[in-house]
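Here are my notes on the model, as numbered points. Please read them with the coordinates open.

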Amino acid sequence: SGGAKPSPGIRLAPYAEGSRDGTCQKGEDKVAAVGTALPGVILEEGEDEVVPLRVISWAQDVDDTAAPPADLGEESLPLSLSRNSMSSVGSEEGPPPLNVSQCWLNRLRSIVDTNAYGVVNVLILSFALFGGGLWVIADVPSRPGTAVLDALMSVVMLLFIAEVVMNSLLFRDEYPLSFFFWMDVLGSISMVFEISFLLGPDDVSNTGSQDDAVLLRTARASKVGARVGRLSKILKCFVVVSRRKSRGRVSLQESLVEARVLSHSLMLNLSTKVSLLTFALVLIVPLFQIGQYPEVDLSMHMWSVRLEETFSSIIDDLSNGVLDEGNATAHFGAAIEKLVDAYSDVNYFPYRLKGFDASVLVPGGGEVSLLGDSTLQKDGPARDQSILRSDVKECYFARQGCVENDKAAIYFNFREPRRLEAALDIMMVIFIITVMLVSVGNLNQTLNGMLVKPVEKMLTTLRSMASDLLFQFHKVHGIRESETEEDQRRNSQMAETELLEAVFQKLARLANLSAVRNVASDEEMEQMDSEGRGVILDMMSMRVTTGDSHAHSITDSQSILSKVGRVDTATSAETLVQVLPVDEEILDTLEVDILSLKEEDQSKIALWIFFDSQLGFCARRANVPLEAFLRFKKAVRNEYQDVPYHCYAHAIDVLHCVYYLLCMTGGPRWLNHVQQYSLLIAALCHDLGHQGKTNPFLVETGHELALRYNDLSPLENMHCAKLFEICGREGADVFEGLQAAERKEARKIIVAAILHTDNAKHFEMVKVINQIYEMASEVCEGQAVHAARGGLVLTPQYETTVLQKDTMLWLELFLHVGDCSNPLKPFPASQRWASRILEEFFAQGDAEKELGIPVGMLNDRDKVSKPGSQHGFINFLVAPLIFGTVRLFPALHPLATQLASNLQEWRDVWLEEASPTPEELVKRDIDVQKVRETAHMLEKRGREDRRSRRSLHTTYKAATALLEG
C-alpha cells in the first residue's frame, strides 16, 4: 500500500479460492504487485508452502505513508496493513475477503485425505480396542501400568472427540446426525469404560451376591455395547479405502465414473445395514445372559464365611481354655490347607489372608495371639486387576482386622482367568471385525459381479453404440456433420442415465422418421433383382406414405362363456348349408382350393362360415336376419368386377383364411361376437368394386377415386364406402340386429381393417407387431410351450398381455394376412393365384404403355417372370409379416412352414425356366435358406402342439357342447 515494500519473508497474495489440496500455495499469479492495494492475505514464505498470517479486505481509507518495519512478524503487523486498511484500485467494489477458516479447513481436509492420517487413525483405533486386553495379557504391573494405560486411553478419547468435531466441520452436509456421527459419539463415550478413574475396571474386584453378579453382567453388556461405536470406525476405514481405490480406477477409466459412484453408494448403504445387524447381535446377545445363574464362583464367598466361622470358633476355644496357642494355630492352618486344596485343580487360587489376626485373653489373665494372616502367604499377581477379594459377610468376632467398613477377606490370584478373559475379548472383537469385513467385502464383491460390472459393460457399450447409432441416424436423415460431432461431444460428457434418455429420444425420432423412409437402402436395392425392386417400389407403393392410422382401441374381451353367453340349441341345430362342396375337416385348414370351386359352391362356403361353422354362431348372436344377409351377399357379389385377381373368388378366399386364423388362435376366447362378425364382414367386402388397378395407377392417372380421397388409399376407402352403401339399401342391413354401441364398434373395426389392407401400410404393420413381440416375447414363448401341451388352451397372462391389449391391431393384422395369403396355400393353389395376380398386373402394364406413363416393374409382361416375382413377393413382403405373426401367435406356425415350402418350389421353377448364373443361384439359395431356417425354428417351437392338438372341428364341437351345457 502506498508504495511500501514488504519485509523479507513476507509477501501479499490477492484473494483467490483455495487450491484442490486445501493449501494456500505460493505462485507468481497470486502475488500482489507492489504499489497496489488489492484484497488478499499476508503470507509468510516457507520452503514448500506459505502460511497465511492475516486477511486484508477492502476499505476506503488508505495510509499511504505507513511502511512495515524491517522485522515484521505476525504480531507486529502495521496498522496500514491490518484488516480494513487496504483499498481497491480501479473499482468501487471488489470480491469478498478470503475466509481464513475455510483455508484452514481445506488444509485440514487435505490432511484427512492422506494415507498417513488413515494409518494413524487405524493405530489409535486398534489401541482403543485391544490396549486394555494387551495390558492384561502382558501382565503389566499396576504401578505404573494402570496410570500409563489411563493416560493413553484418555488421549485416545480426546482424539476421538476431536475427530467428531473435525468431521462435523469438514463434512457438515453429510456427517452431522448421520449413522457414523452417532457411532463416533458412542465410540468416544465408550472410552470411559477403559479409564480406571472413570468407569473402567478397578484395581481389585470384589465378590458379592447374585445381585452383584447381575450388575456385573449388565455392566459388561453395556461395555460391549458401547464399543459398538468404536467398531463402526472399522467400517468407516474400509469405506474410505474402497473410495480411494474407486478414485484410482476412475482416473484410469473416467467413462465408468457413474458406475463406480453407484458401487460406492450401494456398498456404503448395504454395508451400514450389515454392520447394524452385527452390532445388534453383539449388543443384544449378552443381554439375554444377564438374568441367568451367575458364573461367579460362589465357593469363594462360602469359603470366606466358613473361614470366619472357623476363626471365631478357635477364638472361643482359646478364650475358654480349651485350646492353647499352638493347637489353635494348627487348627486354623488345617482349615487353610483345605482352602488351598479346594482350588488346586483350577487356574485361580487364594494367595493371602487379611483380618484373621487377633489377640485373646485367656483364663488366668494372660493374652494369646492367633496370627492367621501369616498362615497363607504366596506371591500375588503383578496387576491389581487380577486380584479378586472375597470379604466375609459378617465378623463373628470383633477385632481390629475386621470392622464394619473393612472386613476380613481372602485374596484370590485371578491372573490366568483375567488373561483368558482378555484374550477372549480380543478374539471376540477380532471375530466381529472379521464378520463385518467378510460380510461387507463379500457383499461388495457380489454387487461388483452381479451389478456393477454388467452395468459398466452395458454403459460402456451404450456409449459406443449410441455414437454409432446417432452417426448413422444423422447420416440417413441428412443432418450436418458439425451437428453429429456436437452430439458425440455432448454424449461423452453425459452421465449414463442422461445418455439413456437422450438415446431413447433419438430412437423415438428414428421410429417416427422410419415410417417415411425407404424400406431398403440404395445398396440393398442394387443387390435386388428387377422383380424384388418391383415388389418394393410398385407393389408396396412406397411412393405413397401415410401415418399410422390404426386406432389401438382396446375392447373388453372376455371368455366366450362370460361375453357371449349360452348358444340357443334350437337355433344352432338348424343347418343352413345342407351339402358342402368340401368336407368340414378340409374347411378347418388352408387346403381349400377356392379357384377349383364353382361360384355357387364358393357362396356356400361363405354361408357356412357365417351361419353353420363354430365361428358362424356370431352371426346368429348378432341377430342378423337370414333374408337380409342373403340380400347383402348378393349385392356384394354384384359389386365385385370380373377381373383376374381382385374378384369374388378372392373375397371368399380371404374370408376363409380369416376364419382359419380366428379358429387357430382361439378367437372366441378373446373376441366378442361383434368383433368376430365385423371382421368376417370386412373380409368378405374388403375389395368391393376393385377395378384391377393399383392405388399408384389411380393416383398417377388422376382417377376420380384418387381425387375423391386425396390420394390416400383410394381403393380401400372406396371398398368401405361401398360396403356401408349396400347396408343402407332396403332389407340389406346386416347390422340391423345390433345395438347402437355395437353398430359403432362394428363400423370402426371394418373401416380400420379394410384401410390396413393397403400395401402402403404393410411395413408399418410389420414393424409394430415386431415391436410388440419384443416387449412380450417371454409371454409369447410361454404360450408356445403351454399350447404344445394342451392344444388351444390360452394362458391368462397371454390373453391379458397380448391378445386383449391390442385387439384392434390383431383384427387389422388377420385381414391383412388373409389378403396376402396366396403363398400360404398348397403350391398348386398358390401357383394359380400367382398367375392371376400377374395377369392383372400385366393388364395394368398394357394400360400404362397405352397412356404413355411409366410402366411398373412388375407390370411389363415382356420382362417379368412368374417365379422371379413370387420370390420377391414372398421374401420381401410376406415372410416378414408371417414370421412376426407366428411369433405372436404360436399356433399359426403351419403358415411359416408352408411359406418356406412354396419359396423352395418357386426357386425350383425359376431354376428350370430362367437358367440363372451360378452367382444368381447362390444369392437366391441364401434367401431360401434363411426363410427355411426361420420357419423350421418356429415349427419346432410348436411341433408338439401340432401332434397333440385335435382337429379344429372336433375342438369347437366340444366347446359348443360345453356352452350348451
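1. Asn710 counts as exposed, at 58% relative accessibility (exposed means over 50%, buried under 20%, partly exposed in between; 1.4 Å probe, protein chains only). Asn710 sits in the loop between α25 (704–708) and α26 (714–727). Its phi is positive, about 55 degrees, although Asn710 is not a glycine. Most residues other than glycine have a negative phi.

2. Asp711 lies in the loop between α25 and α26. Asp711 also has a positive phi, about 65 degrees, and is not a glycine. It is partly exposed, at 32% relative accessibility.

3. On provenance: this is a predicted model, where local features need pLDDT of at least 70, side-chain atom pairs count only at pLDDT 80 or more, and totals for chains, interfaces and linings use all residues. Residues are numbered from 1 along each chain as its sequence is written, and side-chain values use heavy atoms, with hydrogens and water left out.

4. Overall make-up. The protein chain has 36 helices and nine strands (DSSP runs numbered from the N terminus: helices are H or I, at least four residues; strands are E, at least two). Of its 965 residues, 49% count as buried. Take contacts between residues at least 6 apart in sequence: 77% of them join residues at least 24 apart (contact means heavy atoms within 4.5 Å).

5. The largest nonpolar core has 119 residues (a core is a set of buried Ala, Val, Leu, Ile, Met, Phe, Trp, Tyr and Cys residues joined through side-chain atoms within 4.5 Å). Helix α21 (residues 648–664) gives the most to this core, with 14 residues. Apart from it lies another core, of 28 residues, among them Leu318 and Ile410. Phe632 is one of the residues with the most contacts inside the largest core. Leaving out residues up to four places away in sequence, Phe632 touches Ile681, Leu723 and Val734, among others.

6. Is Gln844 buried or exposed? Gln844 counts as buried, at 2% relative accessibility. Its place is in helix α32 (residues 827–851). The Gln844 side chain reaches the backbone nitrogen of Thr694 at 2.9 Å. Beyond four places in sequence, Gln844 also touches residues including Gly692, Phe697 and Asn859.

7. Last, the surface. The protein chain exposes about 46,900 Å², and carbon and sulfur atoms supply 55% of it (Shrake-Rupley method, 1.4 Å probe; for residues, only the protein chains shown count as cover). Leu169 belongs to helix α3 (residues 142–170). Leu169 is partly exposed, with a relative accessible area of 41%.

Conventions: Polar contact = N/O pair within 3.5 Å; in protein donor to acceptor, adjacent residues only side chain to side chain.
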